[in-house]
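Subject: Structure handover

Dear colleague,

Here is the structure for your files. Please look it over before reading the notes below it.

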Amino acid sequence: MIDRRGFLGAAGAGAIGLAAGMPRARARAATSAGATVDVLLDEPIGRIRPEIYSHFTEHIGGVIYDGIWVGPDSKVENVGGIRKQLVDYMKRLGKVAIRWPGGCFADIYHWRDGIGPVEKRPRRFGRWREVTEPNTFGTHEFMRFCRLCGDEPYFAANVGAGDPTEFQHWVEYCNAPAGSTTLADERVANGDRDPFKVAYWGVGNESWGCGGKFTPEDYCKEYRRFTEWVPEYGVKLKLVAAGPNGNDLDWTRRFLAKWLDGARAPLHAFAAHYYCGTTGHALEFSVDQWYEMLHKGNYMETLVRDQWAAMGEFDRERRVKLIIDEWGAWHPEGTGINPNHQFEQMGCLRDALVAALTLDVFNRHADKIDMANVAQLINNIHSLFLADGDRFVCTPNFHVFEMYRPHHGATSVRVEAQAPGVSFKAGDREESIFRVAGSASKGEGKAVTLTLVHSHASEPLEAEIRLKGAQAASVRKVVLTHEELNAHNTFDAPDVVAPVASATDLNGGAFRVVLDPASVTRLDVTLA
Ligand code: AHR
């Protein structure tokens, strides 16, 4: 692990006044500002769909091959070729969705290449770095992965280099009952009698970019062609249009204006992508860059609000939901574990806070967001896992996703957090970021879950938690943090960043908790 103390000393202290080389432990004794967090239990926002916690897997670098697929003859423990350890950890994250096969790869992928006897499958141009795509992992293998994990598939169809017939045949191949059509029988012959019942279908990916460089109007025309009379076979299809690059409102407005111009094509959701980029490097950054990174991550709040408002200009009945099917912090390469794993990065505590604050944004907008897919599951950008041959480790991001699991399916309620912001420098600009932010939900019975991100790099914060109109009978606390801002888990030291759970003696309508610096905290409240 990089010695952060030394690095920060060299990089400068940043706006919060860390003296060069000063260990964070000493700064912890500094004064703390107070905060109040009101949990407005009588102000429900909506049900938090578990799909907000979904994943993305593309044929790129080490995601599919080595990450998910090791092959049935591998010495790595596997279930029919799929990495068993990954499946075991995925089960701990609850039933969500997994998006596949891309990404940019989706718009050159011809699904027939990935079915039938493996030895007969064609080898193709692999799009990313032109690595040969062997097609060993195709529709059946992906569905097996989903079924093993207990997750729902979300397919991305090829608009860039495909056509509507190819897409509709893929739907038929997946969903038609055995015996009903030639394609259904082909699926049966390939080993799966039961239909896959795939409901979520993305129609293209980044259609403004790698998915065909369409104008919004031209993409909308394609979308209409692709989505007209798609075979359903009893499965209520959820057709998803490729949305904007980040918060590009022009794309959104022009696509939806065209969508309204004539008979509306079926449109379940509109999918934006937002990568909050980097500041510094995956593991080397100043304190200012710590804050700037969190600030960039928190732009998701603005994006969701802006996109939702623009969508409402065209969809007044609010039938179309928002999906964010790629998101995460994207650092420069250099901290990967295997040079073949393109875009692989070592996720550290900072990425865990980006994940947590992003998931809190989604929870707070549970009425708008249908699904979100962190990019990407394993051996890639904002990954939950890293694997190389028989070595495997969970990144701090995994722990955030597991910590947030009690929110799945619960009712999001409004939270008001008040604390003075933290100032920092982004280049020459003075900026400020929230000191504490979070989300809360009411689950089964008397359970209330509150998750809080505390951004301050070095000082703790005492926060008063106030439960509107309710009393806590008991409170349990789970905290993810570390002394070093760039702390991360490696194959040799897999538990450097891991959550710590503890009982508390807190109760009542209001109680105080001390939030550690640079932390994610979950409070499990049982109401009286
Ligand atoms: O996640 C990597 C790439 O980033 C995806 O293929 C693409 O959709 C995005 O630009």
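Predicted model: local features only at pLDDT ≥ 70, side-chain atom pairs only at ≥ 80, totals over all residues.

Residues are numbered from 1 along each chain as its sequence is written, and side-chain values use heavy atoms, with hydrogens and water left out.

Cysteines

The structure holds one disulfide (a pair of cysteine sulfur atoms within 2.5 Å). Its partners are Cys 104 and Cys 210, with an S to S distance of 2.2 Å. The link of Cys 104 and Cys 210 is left-handed, at -85° about the S-S bond. Cys 104 sits in the loop between strand E5 (97-100) and helix H4 (139-149), and Cys 210 in the loop between strand E7 (200-203) and helix H7 (216-227), so the bond ties together parts that are 106 residues apart in sequence. Helices (H or I, at least four residues) and strands (E, at least two) are DSSP runs, numbered from the N terminus.

Cys 104 is buried at 12% relative accessibility, whereas Cys 210 is partly exposed at 23%. Buried means under 20% relative accessible area, exposed over 50%, and partly exposed in between (1.4 Å probe, protein chains only).

For Cys 174, the closest cysteine sulfur is that of Cys 146, 11 Å away and too far for a bond. Cys 174 is buried, at 0% relative accessibility. Cys 394 is in no disulfide either, and the nearest cysteine sulfur, in Cys 149, is 13 Å away. Cys 394 is buried at 8% relative accessibility.

Sheet and helices

Nine strands form an open sheet with mixed pairing, in the order E21-E20-E23-E18-E17-E14-E1-E19-E22. Two strands pair if DSSP finds at least two bridges between them. Strands E21 (500-503) and E22 (510-515) are at the edges with a single partner strand each, so one side of each has no neighbour in the sheet. On average, neighbouring strands of this sheet are turned by 25° against each other, direction ignored.

Strand E19 (residues 461-467) runs antiparallel to E22 and is joined to E22 by six bridges. Glu 462 has Val 514 in E22 as its bridge partner.

Helix H11 (residues 396-403) lies across E20 and E23, at about 165° to E20. Contact means heavy atoms within 4.5 Å. Axes are lines fitted to C-alpha atoms, for helices over the stretch in contact, and angles run from 0 to 180 degrees between N-to-C directions.

Regards
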